[in-house]
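Thanks for coming. I will keep this short and go through a few residues one at a time. Please have the sequence and the model open.

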Amino acid sequence: MKTEKILLTKQNNILSAKKDKILSTLLKISTIAGIIATVVFIIICFRKNVFASPETLQNYLMQYGILAPIIFMIIQIAQVVVPIIPGGLTCVAGVICFGPLWGFIYNYVSICIGSCINFLLIRKFGKPLLIQLSSHKVYEKYIGWLDQGQRFDKLFAIAIFLPVAPDDFLCMLAGLTKMTFKKFTVIITLCKPCSIFLYSVGLSTIITHIAGFFA
């Protein structure tokens with residue numbers, strides 16, 4: 001009887017291990033597929049000169065009607081995960097396209113999602129991916145933060161709150177620490193609004209005044 005239970009337990013463990021391996025493989029495939037799809041989408045947008053200015057991005061989005069917010073959020077998430085689109089441009093475009101309130105909301109939600117994706121990607125694939133997705137200069141400047149231990153969490157929260165640090169890189173860097181995903185999401189959710197508001201609304205106000213001056 002004990003032998004049968006032991007065999008059954010082993011079989012269950014083997015099945016569980018196989019399921020975990022399959023899920024892990026599917027996750028890797030879906031992640032790679034998502035990254036490829038995002039890169040392809042961005043390349044298409046570049047070829048159409050969509051990112052030339054906030055106005056060209058606005059014109060591109062408006063042709064999608066009620067789907068414009070969804071398309072915008074996809075672009076905003078993409079620029080966080082694949083940092084080859086000017087983040088300031090998309091933030092300003094969000095405010096110009098959808099107004100200060102909804103522009104801020106779309107920016108906030110999509111940037112938070114992109115930040116969480118960055119954290120999870122590095123938590124899964126480690127430092128090699130971080131090196132590939134970041135510039136050597138930024139990497140060398142901030143990699144020392146990993147030596148701060150628990151103090152990293154406080155530095156990270158302050159950096160996310162203030163619109164002066166490379167947030168996307170720091171979100172990826174956090175993936176190499178012992179910070180839990182729950183704590184990461186709390187910091188991002190609470191600290192991101194200030195920097196996003198100052199960055200998007202501030203830049204859009206400056207651009208509006210400059211445009212009015214030359215009109």
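Let me begin with a question: is Leu155 buried, partly exposed or exposed? Before the answer, a reminder that what you see is a predicted model. Leu155 has a relative accessible area of 21%, so it counts as partly exposed. The cut-off matters here, because buried means under 20%.

As to where it sits, Leu155 belongs to helix α7, which covers residues 151-161. If we set aside neighbours within four places in sequence, Leu155 is in contact with Trp145 and Gln148. Take Trp145: it is 10 residues from Leu155 along the chain, and the two C-alpha atoms are 8.3 Å apart.

The model has 13 aromatic pairs. One of them is Phe119 with Phe181, where the ring centres are 5.8 Å apart. The planes of Phe119 and Phe181 meet at 35°, which is why the pair is called tilted: stacked would need planes under 30 degrees apart, and edge-to-face over 60.

Which helices does this pair connect? Phe119 is in helix α4, residues 87-125, and Phe181 is in helix α9, residues 181-214. The pair therefore ties together parts that are 62 residues apart in sequence.

Phe119 is buried, at 1% relative accessibility, whereas Phe181 is partly exposed, at 34%.

Phe184 is buried, with a relative accessibility of 0%.

Ring pairs join Phe119, Tyr139, Tyr142, Trp145, Phe152, Phe156, Phe169, Phe181 and Phe184 into a cluster.

How accessible is Ser110? Its relative accessibility is 0%, so Ser110 counts as buried. Which residues does Ser110 touch, leaving aside neighbours within four places in sequence? Those contacts are Met73, Gln76 and Ile77.

That is the end of the tour.

Conventions: Residues numbered from 1 in each chain as written. Predicted model: local features only at pLDDT ≥ 70, side-chain atom pairs only at ≥ 80, totals over all residues. Heavy atoms only, no water. Phe/Tyr/Trp six-rings, centres within 6.5 Å; stacked < 30°, edge-to-face > 60°. Helix = DSSP H or I, 4+ residues; strand = E, 2+ residues; numbered from the N terminus. Buried < 20%, exposed > 50% of the residue type's maximum accessible area, 1.4 Å probe, protein only. Contact = heavy atoms within 4.5 Å.
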